[in-house]
Amino acid sequence: MRKPLLGLLLAALAALAAPAFAALPVGAKAPDFVTTGAIGGKAFRLHLKEQLRRGPVVLYFFPKAFTKGCTLEAHAFSEATKFFRQAGASVIGLSADDLPTLKRFSVEEC
């Protein structure tokens with residue numbers, strides 16, 4: 001994929017995922033954190049600092065699993081993951097949902 005197309009894809013995904021009120025300004029460094037998430041229904045520990053050692057990280061936030069907007073957002077990032085990987089980045093979606101919900105969401109919607 002040509003770089004201009006990747007840039008357009010990234011901009012479109014950023015616009016789709018842009019919250020009404022961002023806690024961090026654009027370009028700000030994310031604070032380090034540790035949390036538990038799910039991929040393919042299996043729980044895993046996520047430490048941002050460890051992820052960043054492997055390369056750039058694309059973080060996206062969704063308020064509630066299984067809601068229409070959040071499901072569409074998760075699908076968009078899931079479908080674009082290969083392009084982010086080609087650019088050397090990993091993709092991580094974050095939510096305040098509990099772990100059982102995230103496990104189901106990671107299987108049924110992602």
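Biologist: Which residues is S106 in contact with, leaving aside its neighbours within four places in sequence?

Modeller: Those are A38, I39, G40 and G41, where contact means heavy atoms within 4.5 Å. A word on the background: this is a predicted model, in which local features need pLDDT of at least 70 and side-chain atom pairs count only at pLDDT 80 or more, while totals for chains, interfaces and linings use all residues. Residues are numbered from 1 along each chain as its sequence is written, and side-chain values use heavy atoms, with hydrogens and water left out.

Biologist: Why is S106 called buried?

Modeller: Buried means under 20% relative accessible area, exposed over 50%, and partly exposed in between (1.4 Å probe, protein chains only). S106 has a value of 11%, so it counts as buried.

Biologist: And why is F66 called partly exposed?

Modeller: Its relative accessible area is 30%, so F66 falls in the class in between. F66 is found in the loop between β3 (57–61) and α3 (68–86).

Biologist: What makes the phi of F66 worth a look?

Modeller: Phi of F66 is near 70°, a positive value in a residue other than glycine. Most residues other than glycine have a negative phi.

Biologist: How do you know that β3 and β4 pair?

Modeller: Two strands pair if DSSP finds at least two bridges between them. β3 and β4 (residues 90–94) have five bridges, in the parallel sense. In one of these, V57 has S90 in β4 as its bridge partner.

Methods:
Helix = DSSP H or I, 4+ residues; strand = E, 2+ residues; numbered from the N terminus.
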